[in-house]
Structures are given as structure tokens and as C-alpha cells.
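Hi,

Here is the structure I promised to pass on. Please open it first, then read my notes below.

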Amino acid sequence: MTTEPKIVAFTCNWCSYAGADLAGTSRIQYPANVRIIRLMCSGRVDPTWILKAFELGADGVLVSGCHPQDCHYISGNEKAEERVNSTKRLLRLLGLETDRLRLEWISASEGARFAEVIKDFTEKLSRMGPTPFRSKRGV
Amino acid sequence: METRMEDAMAKTNVRYCLKCGKCTGSCPLARVNPEYSPRQTVERAILGRKDQILRGKGVWWCLTCELCSERCPQEVRYPDFIRACRIEATAKGIEHMCAHGGMLAELQRAMTSPEVKQDRLGWIPKGAKVSGTGDLLYFVGCLPYFDVIMEKIKPDSVAIGQSVVKILNRVGVTPAIMPNERCCGHDLLWTGEVESFKKLAKLNMDEIAKTGAKTVLMSCPEGYRTLKLDYADLFGELPFEVVHTSEFFSRLIDEGRMKFDKSIDRKVVYHDPCRLGRHLRVFDAPRKVLSSISGVQLKEMERSRAEAMCCGVDAWMCNSNSKQMQIERLREARMSGADLLVTACPKCQIHFRCVMSEKLPKSVFPVPDEAKIDVMDLSELAAKAMGL
């Protein structure tokens with residue numbers, strides 16, 4: 001079993017996905033532990049998907065959207081924040097560290113910041129070790 | 001436990017169907033959704049149209065409330081038949097109705113991991129006496145999870161657990177509570193995920209054995225049914241007794257250990273949860289608890305006890321039909337002359353509260369004022385009457 005952490009990142013189409021893209025086109029190096037899923041808006045993230053990601057063996061989940069007041073859909077990122085907070089409460093009940101779920105605001109111009117977030121998150125998750133669900137799946 | 005439609009047909013008397021249609025006439029769902037018919041489903045099964053059943057929507061619509069089998073002259077156990085069909089459909093990979101975006105099922109699946117160490121005891125009231133082992137185990141169920149998932153309608157489900165613990169302490173019992181209790185698996189079983197159900201059942205049985213409990217107390221009728229019937233079906237005779245809070249309280253009243261010193265001056269009507277009532281035939285115990293409380297005027301709905309109408313949802317698979325049924329039931333509660341609806345199931349309570357706090361505009365989904373009534377759990381009311 002590998003100890004490399006796996007991160008599932010839900011990024012919004014308008015800011016964070018573009019930010020990740022900029023990190024790529026600017027050739028900024030960051031750990032290859034992240035799997036990005038692009039959504040139209042961070043507010044589209046359903047707590048079910050976050051739970052499912054963990055249940056399928058993710059060690060961390062990143063939800064990333066436009067900065068506050070900057071959402072392409074006006075208030076989608078506020079909804080994302082609300083949902084992430086309630087999902088954290090569920091994770092705590094399940095006995096998972098709430099830091100495994102992270103919410104970040106990354107704009108389309110912040111490629112370096114995206115790389116920084118992934119780097120930092122990967123390091124933190126490596127220290128935390130695998131989740132109890134990961135061994136269940138053997139991934 | 002039957003896992004294939006054909007096996008279920010042999011065991012659930014489906015072939016004895018007389019096509020009288022009493023089931024469809026009784027079905028609370030068929031009243032609001034004319035597309036649904038238990039009689040037709042049974043007929044299709046007899047004609048061998050298996051694919052039509054397994055791939056149809058009807059198999060997921062059934063509320064498994066057992067009102068049809070209650071009235072069936074041939075004792076066809078339709079809900080058990082439906083459950084087997086769901087198990088087979090799931091095994092075949094047929095996608096089904098997703099309850100709440102699949103969130104609750106996902107949580108339950110997550111709990112099947114043996115290494116999960118939950119942190120779920122935050123609700124226990126300060127100063128309450130609980131322990132890790134003991135003769136009496138209180139199986140809390142998913143109450144702490146409900147409070148987070150159903151946050152918007154403020155279900156305050158943990159109040160049920162808090163009331164139970166306070167009552168137990170008052171009568172001198174220190175209950176054992178499992179820090180890593182898992183979902184009983186009811187919802188997964190009734191949505192066809194039998195393998196995950198078996199895992200949860202095994203893990204829970206191991207945890208219960210560790211506490212050394214001789215009695216397992218349940219405040220959730222679905223969990224009660226699952227442990228008492230389905231775990232027993234899986235593991236043979238259980239090494240402990242399973243009781244519901246209403247039965248336990250009624251015993252305490254008989255022994256003179258439970259005394260209600262506060263008067264509650266309200267007109268109360270009791271809603272029979274289908275798992276507690278028709279599935280396990282507990283009708284008198286909750287009524288006895290209610291009538292022992294001074295000041296309580298106990299009313300009855302037109303359809304009560306074995307004839308009680310379902311709250312409209314099974315395993316969280318809710319839709320507009322459910323809402324219509326809930327309004328119908330709440331109206332009935334008000335028509336009984338009561339001002340407080342008491343139920344013994346945390347899920348019934350959530351479903352009723354949900355429809356009453358409907359946010360859709362009245363032009364789209366009208367919830368009439370005559371369908372609004374206070375809802376409370378039996379344990380909460382009992383705790384209030386004891387001054388807790």
C-alpha cells in the first residue's frame with residue numbers, strides 16, 4: 001500500500017480551475033497527488049460527493065472557488081462554504097480529522113497560490129496518514 | 001433473507017394472490033399516485049415479467065409500511081417481496097431512486113469500514129451517567145447525524161437521546177452507550193445493499209458483545225425492527241433482548257419506578273410508526289405511557305394502530321407523493337382534536353417537520369394551516385412529564 005496521499009479537488013470553472021491551469025502553463029511545480037474535478041461553480045459541490053471521495057479512498061478533499069464577492073454566479077461560493085462547514089461536522093462525527101476537508105478561494109490569476117495550496121495540503125495529509133476507509137478499499 | 005425475486009415469491013405467498021385489489025385499495029401511496037399498484041406488481045411477478053418489475057420505478061416507490069399485507073386475505077407479504085426485488089435489482093446494478101442525493105447511504109457505507117472510530121458522543125447531556133459496559137445498552141441510532149444532515153429543518157433529534165438518558169438516570173439505570181456504534185443498516189437493507197448491511201450488522205454485533213449487554217434499548221423503531229428481526233435472521237437467536245423505549249417505559253410504570261410528577265395539559269394524538277406498529281405489533285405500550293401522564297388527553301386518529309397511515313417515506317426516499325401523504329396524515333392528526341402529535345420514531349418526526357417547514361411558495365406547494373401541529377417524540381414528552 002502506498003503512503004502517498006490522494007487529494008480530490010473540486011474546482012470551479014471560472015476561478016480555481018483556471019488558476020490550476022495557470023499553474024500548469026506557468027510551469028509551476030506542485031505534487032502530483034491531486035485529481036481535479038471541474039465544476040461550473042464551487043456551490044455545485046454536494047456533501048455526498050465529498051463523502052464519496054473519502055469513502056472511495058481519498059485522503060483529502062479540496063473545494064475551491066472564486067474569492068468572496070467574486071463568484072461568477074453571485075453567491076455560489078457562499079453556498080459552498082455553508083456546505084463544507086456542515087460536511088466537516090459530519091466528518092467529525094465519523095471520526096475523520098476535519099482538516100482533511102479544505103476550502104480555499106483561488107482566483108484565475110493565482111496559479112502560484114494553487115500550487116502552494118496543493119503542496120501544503122499534500123504535506124499535511126502525509127503527516128496525518130491514510131484514512132480508515134483507505135485500507136477498506138485497499139487503495 | 002431472500003435475495004432473489006423467485007425465492008421471495010415462494011416465501012411471501014405471492015402466488016396465492018387472488019387479485020382482489022385490497023392491497024392497492026389500502027396503499028397510501030396508490031391513493032396519491034395512480035401509477036402505482038401493488039396488485040399489478042404481484043400480477044406481473046406471477047406472469048414472469050421480472051425485468052419489468054426490477055427495472056420499473058414502482059419497486060422503489062413502495063413504502064414497505066405493511067398496510068397491504070395487514071389487509072391481504074391471502075397473507076401475501078408484499079413488503080418482504082419488494083425488499084427481495086430491491087436486493088436483486090441492486091445486485092444487477094440497476095440504478096435506483098437516490099435518497100437525499102445518496103448522502104445518507106454514503107455515510108452508512110462509510111461506516112462499514114472496520115477501522116472507523118467515530119466521535120459521536122458529543123450529545124450526551126452534562127452530568128449524565130453513562131458507561132462503556134453494562135447490562136442495559138442504549139442503542140442511540142443515527143440521531144447525531146440527523147441533526148447535521150437535516151440542519152435546515154432543525155430536527156433536534158439528539159433531544160430524543162438526551163431524554164432517554166435522563167429518564168434512565170432518574171430511574172437509577174446507568175446505560176451503556178457505544179462510542180463506535182454504527183448505523184444499524186436498515187436503510188441499506190431496504191434499498192437493496194444487502195452486503196453492506198451484513199457488514200454493519202456484524203460490526204454492531206461485535207460491539208454489542210463487548211459491552212456485555214443483556215438488554216438493548218432502542219429509541220428508533222427502524223433500528224428496533226432491524227436488530228430484532230433482521231439481525232436475528234442473520235445470526236440466529238440474539239444473545240440479548242431488544243426492547244423499544246415505549247415498551248421499556250411501560251414496564252417501568254408497571255414496576256412503579258417511573259413517575260410523572262409534572263402535569264402536561266395537552267390534547268395528544270399518537271402516530272404509530274410502521275416499524276413499531278405493524279411490523280412488531282407494539283401498539284399499547286406507547287399509549288399506556290401517554291395515558292399515564294397526568295393532564296394528557298389522549299386522542300385517536302381515524303386510522304390508528306394496525307390501520308395507521310405511514311408518514312410517507314421509506315429509507316429516506318422522499319418525493320412529492322410523500323409530501324402529499326404527510327399533509328394528509330397531519331390533517332388527520334389535527335382532525336382528531338389534538339394539538340400535539342407524538343410519535344415514537346425520529347424519522348417520522350423529521351418527515352413531518354420537513355413538510356411543515358416547506359419553503360416552496362404556496363402557489364407551487366400549498367401546505368394548509370390545518371396540517372400544522374406540534375410534533376414531539378414519546379421520550380421527550382415523558383422526560384418533560386418527569387420534570388427533566
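Bear in mind that this is a predicted model. My notes stay with one sheet in chain B and start from a right-handed β-α-β unit. Strand 6, helix 19 (residues 346-356) and strand 7 of chain B make up that unit.

The sheet around the unit is open. It has four strands in the order 5-4-6-7 (chain B), with parallel pairing. Strand 5 (297-299) and strand 7 of chain B are at the edges; each has a single partner strand, so one side of each lacks a neighbour in the sheet. From one strand to the next, the twist averages 35°.

Now the pairings, taken across the sheet:

- Strand 4 and strand 5 of chain B pair in the parallel sense over three bridges. K267(B) has Q297(B) as its bridge partner in strand 5.
- Strand 4 (residues 267-271) and strand 6 of chain B are parallel too, over four bridges. Here V269(B) is bridged to L341(B).
- Strand 6 and strand 7 (residues 374-377) of chain B pair in the parallel sense over four bridges. In strand 7, L341(B) has V375(B) as its partner.

Last, the side chains of strand 6 (residues 340-343) of chain B. L340(B) and V342(B) point one way. L341(B) and T343(B) point the other way. All four are buried.

Best wishes

Terms used
Residues numbered from 1 in each chain as written. Chains lettered and ligands numbered in written order. Predicted model: local features only at pLDDT ≥ 70, side-chain atom pairs only at ≥ 80, totals over all residues. Buried ≥ 20, exposed ≤ 12 C-beta atoms within 10 Å, placed from the backbone. Helix = DSSP H or I, 4+ residues; strand = E, 2+ residues; numbered from the N terminus. Pairing = 2+ DSSP bridges. Right-handed = clockwise from strand over helix to strand, strands pointing away. Axes fitted to C-alpha atoms, helices over the stretch in contact; angles between N-to-C directions.
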